[in-house]
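Let's take a friendly look at charged side chains and how they pair up. Keep the sequence and the 3D view open side by side as you read.

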Amino acid sequence: VTRRKKVRTTVSDPAADRAADLVKRQFRVPAPNVLLVADFTYVRLSNGMFVYTAFAIDAYAGRIVGWTCSASKEDRFVRRAIRHAAHLRSGEGNPLLGNTIHHSDAGSQYTSVRFGETLALSGLVASIGTVGDAFDNALAETTIGLYKTEAVRDDSPFRRGPLHRLTDVELLTAEWVHWYNTDRLMHRLGRIPPIEYETVYYATNTAPSEAAHQ
């Protein structure tokens, strides 16, 4: 895969209050709903313009629990990904209970007052890595790398042709996320998909929510 010149997405806001780093690069967690990591990336359209895709990823199995695409980098689209994640977990009967960590970089989208309010309302606690250090959000960076090489590249099986519009990116992202969560064999999970790995956890833990937050 030939990588193009990177486009700067998040820009840190030195005037914004920043949450402490609660993760310290420790992305291995004992259960779902302990740690979510988040980031977003750009996708180039055929006309040279960009759209942006945000992800929220549960660190336990690497499952993508929230995502959204947008033509704007304003914070509302990363907030939407978080709300999707909270709604998914609630619908599955394993809601976020107020002490799930949400870890991101120091981009202005993730340090805005509105984003902090969205985290609190969604049952999440903010954690932010150091500025300019990709290793502090390595799990999210890795997932975005897979998205760019497996879904976005020109010869990807998830593409139906050139990406002309936001809806084209949304369609390929939806199909890739579904495949990633349900069919992609993950080496660190013993070569099973993320959803299957979570299912095994819940099947062997009679009180998953309580165990995840002890």
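Glu-92 is partly exposed in this predicted model, with a relative accessible area of 33%. Its salt-bridge partner is Arg-63, and that residue is buried, at a relative accessible area of 8%. Here is what to look for around this pair and beyond.

**The Arg-63 and Glu-92 pair**
- The closest N and O atoms of Arg-63 and Glu-92 are 2.7 Å apart.
- Arg-63 counts as buried because its 8% falls under the 20% cut-off, whereas Glu-92, at 33%, lies between 20% and 50% and so is partly exposed.

- How many salt bridges does a search of the whole structure find? The search finds 13.

**Two other pairs to find**
- Glu-74 and Arg-76 meet through their side chains in a salt bridge, at 2.8 Å from N to O.
- Glu-74 is partly exposed, with a relative accessible area of 43%, and Arg-76 is also partly exposed, at 43%.
- Asp-168 and Arg-165 form a salt bridge as well, with an N to O distance of 3.5 Å.
- Arg-165 is partly exposed, with a relative accessible area of 49%.

Key: Residues are numbered from 1 along each chain as its sequence is written. This is a predicted model: local features need pLDDT of at least 70, side-chain atom pairs count only at pLDDT 80 or more; totals for chains, interfaces and linings use all residues. Side-chain values use heavy atoms; hydrogens and water are left out. A salt bridge is a side-chain nitrogen of Lys or Arg within 4 Å of a carboxyl oxygen of Asp or Glu. Buried means under 20% relative accessible area, exposed over 50%, partly exposed in between (1.4 Å probe, protein chains only).
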